[in-house]
Structure formats: C-alpha cells, structure tokens
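Morning, everyone. Please have the sequence and the 3D view open. I'll keep this short.

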Amino acid sequence: MKEIWTPDLSLLTNIPSICFLYFFYGLAFFFLGTAIAVKNMKGSELKLAGCLWLLAGFGFIHGSHEWLELYLLLQGQYISVTEMIYIKLFTVSAVMVSFFLLLEFGIKLIQAVNNKWAKWLKATPLILFLLWGIPLWNYGFTMDVSFFEMADMRARNTFGLIGGLVTAYGLIAYSREVKNLSLPIARNLHHAGVVFIFYGIFAGLVSSYAILPWLPIRIEIFRSISAILIACFIIKALNVFDIETRKKLEQQLKRLAQSDRLVSLGQLAAGIAHEINNPLTNASLNVQILKNRFENSAADKNILQKLETIEKNVDKASTIAKELLQFSHQRELEFIPLNINNVITSVLTLLKYKLNDVTIHENLSDIPDVMADHRKLEQVFLNILSNSIEAMPDGGDIYIAASSSNGMVNVQICDTGVGIPKENISKVFDPFFTTKEIGAGTGLGLSICYSIIHQHNGSIEITSTLEEGTTAIVKFPIGDSLSQDKV
C-alpha cells in the first residue's frame, strides 16, 4: 500500500475529483435506501420483504457516513479539533451501525433461505463486536483522532468485511429461490450478491484514501462503482414485488372464473342428479323384489347372479348421483370456532382402516381457531388425504404440518406417491377430471374441496412431481375475520 494521502482543499474553489467520488458514493446508497423505503411491500409473502428494511437502513446511514467524509474533505482544515472529534465520533458510529445493519440483513436472508445456518449465524455480531472492541480497549479510549481512525478501520475489518460477504451469500442463495418467479430478478439479485463480495473487500480490507499497489487507482473509485452497481441491481430486483402482485391478481381472476364455472356446473349437476335419482330408486326397488322372488329357487341361481350384478351397477350409479348432489348442494354453512388440528386428527381416525402401509408424520403446532363449518372442513381433509393414500398403492409416507402466519392458518399435506403429470396440474380442480381408472372415482373430490375452501375465504394450492409425490397447501383465515366479512 502507498502512503495515505489527505488532500488540501478549499470550499468551492478547488474541489478535487475525490470529493465527487464521495458525493456519488453516498448518493448511490441514498438512492438504494429511498427505493426500498418507497416500495410497497404490504401483503407480500416473499421472504425478502421481511428483511429489506435492514438494507434500507444500511443505505441511508452509510450514505450519510460518506457525505460526512465529504464534509471533512471540504471543511476539515477550517474546523476546530473539538468539532473534528465530534464528527469523527459520529462517523465511526455511522459506519458501525450501517455495517451492523448490513450484516443483520445478510443473516436474516440466509435464515429465511436455509434455517440450518441460523444457530451458527446468531452469534456472529457478538463475536465481531469483541474482535472490534478488544484492540480498542487495549489501545485505551483516548478520544483523539487517531483512536477514531483506528475504530473506523476495525469496524471495516470486522462488520464491513463479514457483513458484505454474508449479504453476498444471502443474495446469491435467495436468487435461486426466485428463479421460478422471474429469471431476470434472480439474475439481478445474483449480480448484486457478486458485487457485494467486492464491496466487502474494498470497504472492509482497504483503508480510505489508499491507492492499490497493483493498480494505481484510488480505492474510492472501486467503492463508488460497487455502490452504484449494488444500487442498480437491487432497485431492478425490487420489481419482484410488482411481479408477485401481478401473479396474485392473475390467480384471483383464475379463481373467480373457476368459481363461476363451478356454480354453473353445480346447477347442471343438481338437475341431472335429481332426474336420475328417482329412476335409480325404482330400479333398485324392483331388483330387490326380483331377488326376493328367486332367492329360494335353486334352478334360478343364474338369474339371481345377474340381478346382483344389476344391483351393484345401480348402487354405483346411485353413488355418483349422491356425489353430484353433494357437489351442487348449497346449504347454509354453520360457522363456528374450530381448531383444524382437531379436524385432522378426527379425519385420520376415520381413515385408520386404509393406513396399513402408510406412515403418517404429524407436525401440528399450536394454531389459532378458524371460523368454519366442521362437516365441510372434515370433508375437505378426508378428500385430500384419501387422494394421498390412493396415490401410494404400495404404501409410503404422508407428512402433515399445521402452522399460522400472516393472519392465516396453513396446512400442508405431502405424500410420496406417484405424483401428477405437469400437464394435468391445472385441471385437478375441474369437475369430473380424474387420473384414476374408469369407475374408480368421479373426479369431483377436489372440485368439492375447492368449492368448500372458497366458501371459507381460504385457498388451496397443489404442486406435484412425478414419481416423487404431491403437496397440497390449504389456507384459512384466522379467527373471526370470516364472520366479519360476512357482516
């Protein structure tokens, strides 16, 4: 490293290029903080939304720090020693707080992406604080300019370097999570992470005003370029919230269309079921009369067998008619406070006889009540779990997890079954759509589930991978929000 140089300045008459570097350096971080602060993230379910305020705080405070450095460059020779010490105290505090926020942002992002690192990262700020404070303690708190310069450099070596690298790792890891949402957004987050690696090194390892030995360029140029690139990539990546909102609107429109279609089909199904139910009842009654007539006649066993076959087919047709009626039935729901964990336990008891080769893994955490119709909710989970069991003819595992967040109770049911082909995923809620063998199902189960969940202001989402399994995520609003909506 070459000798550190402090320029000789005169306000407005001789402003060297380094002052412009500090101006744009600070301005880039102010832009970063402002862009995040004005972004509407209300209602976002993205993990990034919960920790971006830390990055905004870093931007505002670090931008202020750079402009304070600019002020010292311009006015340093005109202020008293006491004023200089106060300003140095403020700049050291600013650099410490800003890099601490950057470190916290990186840690929160990594925790959101991968919880297994959480326990190791929690102690990082304390360790860095000790590494920062012990040398200063040994130096002695003399409160002079040299002490503050040492404190500033130690803050860069600890919180600055590690904060930059941790944030870089967090952004690169998170970019993989949003690939499915938007590839350009993922690229911007990845690029921001890469630039943060360089920024962590330039700001954390190299002192201010230094000129690199292998490249005769002032370090502030690299820091400024890094700051501008970080601001550009992050601001572009903030569009992820607009994309999330657009996708939510598209899903709502899709649900509305689905709901309208189900209402029309329900009315049609009700008419069909009503028309075929009476003839089926008459047919069943006559078959029973004929069976009784030929039951004691040894010569007519063949006729009896044929009558039993007819009776089975009539029963099957009656079952389909019953499901059609159930699909179209619009009885008034009875909303009462319900704990979904109890509903799931009750359904598992009902299905116990079908669980011979299936292992159930329950992770039902404490969740608040929802306002729901008990019978209808039981029907929902009975259908979903029955589908999971039928998707594993040779046995397997079903994982059931219940939790609550953002005003919703979430239930996730995963199986290790055969999965659903990608081209069929969009059709699973369509009435009469089924991948089962002919006669094994009517294809109304998930349509009925969708209709019931919609009546509860909830949502259901199904994802699947062939030969790996299917996941159903069901969400219901917590507490009395539903009843308030109904008022």
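I'll go through a helix pair, a surface patch and a salt bridge. Keep in mind that this is a predicted model.

Helix pair to begin with. Two packed helices are described by the angle between their axes and the distance between the axes. Here, take helix α12, residues 374–390, and helix α13, residues 445–455. Their axes come within 9 Å. The crossing angle is roughly 145°. As for handedness, α12 passes α13 in a left-handed crossing. Which residues of α12 and α13 make the contact? From α12, we have K376, Q379, V380, N383, I384 and N387. From α13, there are G445, L446, I448, C449, I452 and I453. By class, that contact has seven nonpolar residues, four polar and one charged.

Now the surface. I15, F20, F23, F24, W67 and I228 form a nonpolar patch there. Together they have about 530 Å² of accessible area. Helix α1, residues 17–38, gives the largest share of the patch, with three residues. W67 sits in helix α2, residues 52–75.

Last, charges. How many salt bridges does the structure hold? Four.

Notes:
Residues numbered from 1 in each chain as written. Predicted model: local features only at pLDDT ≥ 70, side-chain atom pairs only at ≥ 80, totals over all residues. Heavy atoms only, no water. Axes fitted to C-alpha atoms, helices over the stretch in contact; angles between N-to-C directions. Helix = DSSP H or I, 4+ residues; strand = E, 2+ residues; numbered from the N terminus. Left-handed = near helix turned anticlockwise from the far one by under 90°. Contact = heavy atoms within 4.5 Å. Nonpolar A, V, L, I, M, F, W, Y, C, P; charged D, E, K, R; others polar. Patch = residues over 30% accessible without salt bridge, like charges linked within 9 Å, V, L, I, M, F, W, Y side chains within 5 Å. Areas by Shrake-Rupley, 256 points an atom, 1.4 Å probe, with all protein chains shown as cover. Salt bridge = Lys/Arg side-chain N within 4 Å of Asp/Glu carboxyl O.
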